[in-house]
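Could you walk me through this structure in the viewer, stop by stop? Tell me what to select next and what is there.

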Amino acid sequence: MNILLIAEESGGIQLLRALAQSRHRIVAVMALPAKRSPDRATVWRVAETLGYPTWPAGLVKDPDFARTVRSEKVDIILNVHSLYVIHKEVINAPGIGSFNLHPGPLPAYAGLNTVSWAIYRDESTYGVTVHKIAPEVDAGPIVSMSFFKIEANDTALSLYSRCVKAGLALVLELLETAAADPRAIPLVPQDLAKRRYFGKAIPEQGRLRWSRPAREIVNFVRACDYYPFPSPWSHPRASKGGHDIAVAKASLTGRACDAPPGTVGESEGASGIYVACADEWILASKLIMKGRRIDAADALRPGERLEDGQDPSERGDAGRSRLDFEHRGIADG
Amino acid sequence: MADLNSLCSRIGAIFSEQMNLEVPSVDTDLFDTGLLDSLAFVNLLTCLEQKFGIAVSVDDLEIENFRTVSRIAAFAASKNGFNNNQ
């Protein structure tokens, strides 16, 4: 088959390499042109290295691009972690169809940063979806899904890694089915009454509130954890004496507490220091202070009291929605 | 030691052939030099699993396991199911 690949991120690179070893013809690879960080691997750069035509991904917004898709006899458009909304003329141009790999189970987790949202919302399972592209984002009929458990110690990065692996398998399966018999591709309409779309906003504007249950706080910390890489949500923000403290790593203890929320308890040295939440102590192990990741036990003292994160508008940075994230693709799920 | 050396070579090849990244030495700090970003890291995990038959768990995602090629080699060799002949 003739495949037009629109892709970014790790999933895009891995799929490109898998397709390069398949019998399918890659008509072109559409991605963000590699302008910055010449030493970084990007889909664009990998495609160039492999000898494939590379086209700017933004062309998919142009209805006239549909003519190119038809003239190149594209059978399938595959969209993997690219954020451009494809014009409906282009969506309908391939011989078989246009398909998207979404790093989340649909219709429950449509939109952006869904990996983080699932952890934040205390889900126990997650998944990835391959669906046919429709004009409404992440709303087209489902081809296949793969589910997996969210482990208690999963972070956003570890869960995202699992999505990439599972998603690659689903896409390759789609291509096998399409090559054998396109009519056999399952297309199950989504129950859009169950759809939940997540936008760019960060929960609680990134503010940590100590009066919340311990589990909720630790989930927030895990949802922001892309360590050792920058997080698209930054980290949940508390404060001490009017200064920001972000909690980068924390774990549940199961120990009930009746100390006022935000109270700093005993130190466990390098393992962390206890902080009171609404119901239990959590063990805070890593903090971000003044841009540096440090051991919590080095920065806090028993008996101190942490405050909730400050309102961004009061901090004078109301426009901040992301800090120091590295890759827009991961940021946007 | 000879096994670790050959393993380092194989891992270096993963970086150059699979990830289009040239690592100057087995002791180059991959994070501090910016060579290993989030995209490359996820790719690396997949490549390690595929090439050596290991499973990387959440508990393994400790930065020090992946800071240099030599540490990655030691980490991979320590994992259950490690197979250097794939």
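This is a predicted model: local features need pLDDT of at least 70, side-chain atom pairs count only at pLDDT 80 or more; totals for chains, interfaces and linings use all residues.

Start by selecting A:Asp295 and A:Lys286: their side chains meet in a salt bridge, with N and O 2.4 Å apart. The term salt bridge here means a side-chain nitrogen of Lys or Arg within 4 Å of a carboxyl oxygen of Asp or Glu. Side chains of opposite charge can pair when their charged atoms come close. A:Asp295 is partly exposed, with a relative accessible area of 23%, and A:Lys286 is partly exposed too, at 26%. On this tour, buried means under 20% relative accessible area, exposed means over 50%, and partly exposed is in between (1.4 Å probe, protein chains only).

Residues are numbered from 1 along each chain as its sequence is written, chains are lettered from A and ligands numbered from 1 in the order in which they are written, and side-chain values use heavy atoms, with hydrogens and water left out.

Now pick A:Ser285, in strand S14 of chain A. Helices (H or I, at least four residues) and strands (E, at least two) are DSSP runs, numbered from the N terminus. Is A:Ser285 buried or exposed? A:Ser285 is buried, because its relative accessible area is 14%. Leaving aside neighbours within four places in sequence, A:Ser285 is in contact (heavy atoms within 4.5 Å) with A:Lys249, A:Ala250, A:Ser271, A:Gly272, A:Ile294, A:Asp295 and A:Ala296.

Next, select helix H7 of chain A, residues 214-223, which is mostly covered: eight of its ten residues are buried. Those buried are A:Ala214, A:Ile217, A:Val218, A:Asn219, A:Phe220, A:Val221, A:Arg222 and A:Ala223. What do they pack against? Show helix H5 (114-120), helix H6 (156-180), strand S11 (243-256) and strand S14 (280-289) of chain A, and you have the partners of the buried residues of H7(A).

Stay there and look for empty space. Rolling a probe the size of a water molecule over the atoms shows where empty space is left. The structure holds three cavities of 30 Å³ or more, and the largest cavity has about 80 Å³ of space. A cavity is a set of points, on a 1 Å grid over the protein atoms alone, where a 1.4 Å probe fits but cannot get out; lining residues have an atom within 4 Å of a point. Grid points are joined across faces, edges and corners, and the volume is the space filled by probe spheres set on the points.

To see the lining of the largest cavity, select A:Tyr120, A:Glu204, A:Arg207, A:Leu208, A:Arg209, A:Arg212, A:Glu216, A:Ile217 and A:Phe220. H7(A) gives the largest share of that lining, three residues. Two of the residues in the lining, A:Arg212 and A:Glu216, also meet in a salt bridge, 3.2 Å from N to O. A:Arg212 is partly exposed at 27%, and A:Glu216 counts as partly exposed at 29%.

Most residues other than glycine have a negative phi, and most peptide bonds are trans.

- Select A:Leu106 and A:Pro107: the peptide bond between them is cis, with omega near 5°. A:Pro107 is in the loop between strand S5 (97-102) and strand S6 (110-111) of chain A.
- Select A:Tyr227 and A:Pro228: another cis bond, with omega near 15°. A:Pro228 is in the loop between H7 and strand S10 (237-240) of chain A.
- Select A:Asn113, in the loop between S6 and H5 of chain A. Phi of A:Asn113 is positive, near 50°, and A:Asn113 counts as buried at 3% relative accessibility.
- Select A:Asp138, in the loop between strand S7 (125-132) and strand S8 (142-149) of chain A. Phi of A:Asp138 is positive as well, near 60°, and A:Asp138 is buried at 8%.

Last stop: A:Arg67 and A:Asp64 form a salt bridge, their closest N and O atoms being 3.8 Å apart. A:Arg67 is exposed at 55%, whereas A:Asp64 is partly exposed at 43%.

Note on methods
On a 1 Å grid over the protein atoms alone, a cavity is a set of points where a 1.4 Å probe fits but cannot get out, and a pocket is an open set with protein on both sides within 12 Å along at least five of seven lines; lining residues have an atom within 4 Å of a point.
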